[in-house]
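Here is a short briefing on one protein model. Look at the structure first, then read on.

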Amino acid sequence: MSRKVGMWLYQNGGGDKIEKKIIKKLKARGIETLPGINPRHAIAKNGTIYHGDTRINDLDLFFSYNAGEQTQYQVFLYQALNRIMPMINSYEAFSLTEDKFQTSFVLQNHGIATPDFKLCHRDDSEQLRSIIRKWDKMVYKPTDGWGGIGLTKIENEATLDMLLPLLNQMDLRFFYVEKFLQYDNTDYRVDIVDGQFVGCYGRKASGSDWRTNITSGGSVFLREPNDEIVDLAIKASKVCGVDISGVDIIYDREKEEYVVIEVNGIPAFATPEQEKLGLNFNKKKINLIVDMIDRKSAEHYKNK
Ligand SMILES: Nc1ncnc2c1ncn2[C@@H]1O[C@H](COP(=O)(O)OP(=O)(O)O)[C@@H](O)[C@H]1O
Ligand SMILES: [Mg+2]
């Protein structure tokens with residue numbers, strides 16, 4: 001019996017074509033791929049997880065790469081699956097990078113620069129008042145958000161006073177805020193696979209917006225990183241334990257250093273439009289992912 005791996009990869013933005021390429025390359029190495037294993041449609045019966053007639057337990061690895069569609073149920077099964085087989089990314093790394101506070105906390109404790117941040121209990125909003133006096137401007141961030149959604153710039157104490165009653169209505173457990181960094185409204189998105197540099201591009205916020213996210217109107221441009229940026233992205237990926245990552249980095253004008261804004265565990269491949277623009281790292285990314293699936297599934301297969 002040959003090795004089998006399960007895969008759940010996003011299909012939009014060229015994801016379907018990437019999936020076909022990965023399957024073909026794995027096949028050439030004697031590895032069979034079962035694509036489209038959406039945990040939404042899986043069930044657990046006693047100790048076995050089924051997806052239709054497929055016994056997921058028999059797989060040698062599961063490659064989960066679908067950022068847009070992670071519900072609580074899917075994440076719950078992600079956790080269970082990772083107890084019995086290797087997953088890319090590991091559940092631990094996946095759940096870490098899904099949370100901005102936990103990620104910044106880990107990064108800071110490994111000496112990696114992030115924006116200054118503060119987390120406090122929702123009843124402790126005095127903390128926010130004291131910190132805005134010190135920081136001048138800050139950003140309120142939902143810790144599990146994406147695409148720049150829900151990020152709120154707080155310009156002064158008066159804005160904070162306006163915002164607090166709204167936040168209090170939202171039934172939050174805590175407040176997570178970051179110092180608002182002075183930067184040129186551009187960032188570096190650095191893709192790392194298996195500890196190796198894959199590619200980099202830049203993003204620029206549009207008009208008066210300060211967020212570089214495409215969903216917030218930002219645009220992508222060709223950008224070469226320097227060694228410092230690449231090293232920072234590799235180190236951040238390592239301490240977060242991510243096999244695959246897209247690390248967002250900006251240059252803090254005040255401290256005059258590069259800081260890690262976010263570690264994304266499911267960074268998109270370049271879309272066909274972005275490839276036309278010159279983002280040419282997909283091939284390298286696919287090859288590194290295939291190597292890694294090969295190596296990790298072989299380890300599991302050998303020990304069965
Ligand atoms: N502390 C900050 N200071 C200034 N700009 C920030 C700060 N944090 C985030 N941003 C801007 O907002 C964007 C989105 O923030 P990020 O933490 O990556 O959240 P998301 O998960 O929504 O992408 C970043 O790409 C950056 O342009
Ligand atoms: Mg981001």
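The points below go from the whole chain to single residues.

This is a predicted model, in which local features need pLDDT of at least 70, side-chain atom pairs count only at pLDDT 80 or more, and totals for chains, interfaces and linings use all residues. Residues are numbered from 1 along each chain as its sequence is written, while chains are lettered from A and ligands numbered from 1 in the order in which they are written.

**Overall build**

- The protein has nine helices and 16 strands. Helices (H or I, at least four residues) and strands (E, at least two) are DSSP runs, numbered from the N terminus.
- The C-alpha trace spans about 65 × 45 × 30 Å along its principal axes.
- Of the 304 residues, 34% count as buried. A residue is buried if 20 or more other C-beta atoms lie within 10 Å of its own, exposed if 12 or fewer, and partly exposed in between; C-beta atoms are placed from the backbone.
- Among contacts with a separation of 6 or more, 67% come from residues 24 or more positions apart. Two residues are in contact if their C-beta atoms, placed from the backbone, lie within 7 Å.

**Domains**

- The domain assignment gives domain 1 (3–88), domain 2 (116–179) and domain 3 (183–279). Such bounds come from an automatic or database domain assignment.
- Domain 2 and domain 3 have C-alpha centres 25 Å apart.
- Five residues of domain 2 are in contact with five residues of domain 3. On the domain 2 side, these are two nonpolar, two polar and one charged.
- For these classes, Ala, Val, Leu, Ile, Met, Phe, Trp, Tyr, Cys and Pro count as nonpolar, Asp, Glu, Lys and Arg as charged, and the others, Gly among them, as polar.

**Around ligand 1**

- Ligand 1 is surrounded by 22 residues, and the closest are Pro-115, Glu-178, Leu-181, Thr-212 and Glu-262. Strand 11 (174–179) and strand 16 (257–264) are the elements that give two or more residues to this shell.
- A residue counts as near a molecule if its C-beta atom, placed from the backbone, lies within 6 Å of it.
- By class, the shell has nine nonpolar, five polar and eight charged residues.
- Domain 2 and domain 3 each supply at least three residues to the shell.

**Strands and sheets**

- Strands of a sheet pair through backbone hydrogen bonds, either parallel or antiparallel. Here two strands pair if DSSP finds at least two bridges between them.
- Strand 15 (residues 244–252) is mostly covered, with seven of its nine residues buried.
- Strand 12 (residues 186–193) runs antiparallel to strand 15, joined by six bridges. Val-190 has Val-247 in strand 15 as its bridge partner.
- Strand 15 also runs antiparallel to strand 16, through seven bridges. Asp-252 stands opposite Glu-257 in strand 16.
- Strand 15 and strand 16 form a hairpin with four residues between them. Glu-256 in that turn has a positive phi of about 55°.
- Elsewhere, three strands form an open antiparallel sheet in the order 3-4-5. Its edges are strand 3 (42–45) and strand 5 (54–55), each pairing on one side only.
- Strand 3 pairs with strand 4 (residues 48–51) over four bridges. Within strand 4, Tyr-50 is the bridge partner of Ile-43.

- Cys-240 is in helix 7 (residues 227–240). Why is Cys-240 buried? Because 24 other C-beta atoms lie within 10 Å of Cys-240.
- Beyond four places in sequence, Cys-240 touches residues including Ala-93, Leu-96, Ser-245 and Val-263.
- Lys-153 is in strand 10 (residues 152–154). Lys-153 has 13 C-beta neighbours inside 10 Å, so Lys-153 counts as partly exposed.
- Leaving aside neighbours within four places in sequence, Lys-153 is in contact with Lys-137, Val-139, Phe-180 and Trp-210.
- Lys-302 is in helix 9 (residues 282–302). Lys-302 is exposed because 9 other C-beta atoms lie within 10 Å.
- Lys-302 and Pro-115 are 187 residues apart in sequence and 44 Å apart in space, C-alpha to C-alpha.
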